[in-house]
Amino acid sequence: MHISYPITIRKFQHHELFKNQLLDLINSQETYERIVHEGTDITKCDWPTNKDDFDRHWVTLIKQPLIDHLDVWAKDANFLGFIINQIWFQQYTKSSGHGWHTHPNCHYTNVYYLDLPKGCPKTQYIDPMDNKTVCEFDVEEGDIITFPNILLHRAPPNQSDDVKTIISWNLNVTFAQAIGEQNDY
Amino acid sequence: MDYEFYDWNNLIKEDSRLRLQADVARLISEGNYFTNSPKFQTNVNVFGLQTADWNNLKMSFIWSCFAFLNREVQIKNIQSWSYQTSLKHAEDRDILWHHHDHDPNTKTVSGVYYLHLPSDVEDTEKAGTELAPNGVEGEGKYYVPWQTGYWMIYPGKIWHRPGVLQSHDDRYIVAADLEF
């Protein structure tokens with residue numbers, strides 16, 4: 001099962017070009033943490049250390065191509081613009097995963113499957129229309145999912161011996177008219 | 001059915017609803033309400049408040065509207081407000097009928113989020129919203145029951161009015177329009 005809106009899955013057109021460079025830069029970055037709490041064990045993640053730093057080497061490499069990708073998405077959805085608030089990577093070795101969560105301080109969040117070897121798990125989510133059906137995104141390596149912040153989702157434990165690497169970012173959109181102005185009664 | 005319910009209790013829980021309610025109470029206590037409409041309707045577009053709770057509520061409204069329409073639409077505008085009221089400020093209900101379809105250039109989907117109902121309200125069937133799908137003078141008016149934590153989504157062109165007040169404690173709803 002897959003909800004077709006307002007969830008967007010699109011291929012990142014520069015994936016093949018950037019994949020190995022991005023993995024090299026991510027794997028050579030010295031700042032990251034292992035994140036462990038109930039239901040979650042993320043092997044390497046630079047959210048705690050660098051999420052607001054847009055000058056990391058791997059971020060500078062991918063920033064403009066990602067903006068180009070998102071420009072198309074925003075245009076299709078009739079948003080005037082968007083701002084990426086935070087960007088980070090997550091790596092999962094065998095048995096690691098990320099428990100059910102949402103992203104409360106943004107409008108949309110994104111997952112780019114940078115390295116998704118065969119057998120590594122895809123992101124799951126709970127259908128918010130019935131609050132119980134567990135669904136799986138129909139994605140493959142190189143895809144970018146963009147979905148609303150309130151979608152409850154998780155990365156199931158990685159049962160593979162291979163490492164899964166994703167890049168994620170949060171963004172806020174600008175609606176056609178500014179929200180926050182006074183209403184006319 | 002003219003309306004649909006969307007249950008967001010799994011993601012917007014009681015602690016969040018209490019914070020939303022407190023924000024509305026603060027806005028009204030600071031005088032941020034319309035003086036030419038029944039007491040007390042905020043004159044602030046509450047979805048613009050910069051907290052995670054309001055952001056989540058806004059996104060849940062947008063998603064509910066897409067689900068109601070069975071498609072994702074290009075949003076032209078979103079407006080939102082909150083309404084705090086009780087028997088202390090009861091008005092003649094016959095003057096409360098209205099609709100939200102004011103712009104001929106857009107279509108409007110509207111929503112009511114049932115934020116807080118006082119515990120002494122006994123008839124929840126009449127505490128939500130009354131719809132008049134065939135107009136105020138037409139047949140077939142009915143009540144949408146109160147469902148805390150749900151968005152009730154309906155076409156903005158439908159005439160409606162708040163449910164029957166039954167308590168001297170405050171009832172809170174959030175209302176919103178999505179124009180496309």
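Author: To start, the radius of gyration is taken over C-alpha atoms, and the globule rule is 2.2 Å times the number of residues to the power 0.38. This is a predicted model, where local features need pLDDT of at least 70 and side-chain atom pairs count only at pLDDT 80 or more, while totals for chains, interfaces and linings use all residues. Residues are numbered from 1 along each chain as its sequence is written, chains are lettered from A, and side-chain values use heavy atoms, without hydrogens or water.

Reader: What makes chain A agree with a compact globule?

Author: With 185 residues, the rule expects a radius near 16 Å; chain A has 17 Å, so the two agree.

Reader: How many of its residues are called buried, and what does that take?

Author: Buried means under 20% relative accessible area (1.4 Å probe, protein chains only). In chain A, 54% of the 185 residues count as buried.

Reader: How do you know which residues make the contact of chain B and chain A?

Author: Contact means heavy atoms within 4.5 Å. The contact takes 36 residues from chain B and 32 from chain A.

Reader: And what is the area buried between them?

Author: That's the accessible area (1.4 Å probe) the two parts lose on being put together, summed over both. Here it comes to about 3,100 Å², with 59% from carbon and sulfur atoms. Leu11(B), Met59(B) and Trp63(B) supply 23% of what chain B buries against chain A, more than any other three residues.

Reader: How many salt bridges cross the interface of chain B and chain A?

Author: One needs a side-chain nitrogen of Lys or Arg within 4 Å of a carboxyl oxygen of Asp or Glu. Across this interface, the rule finds zero.

Conventions: Buried < 20%, exposed > 50% of the residue type's maximum accessible area, 1.4 Å probe, protein only.
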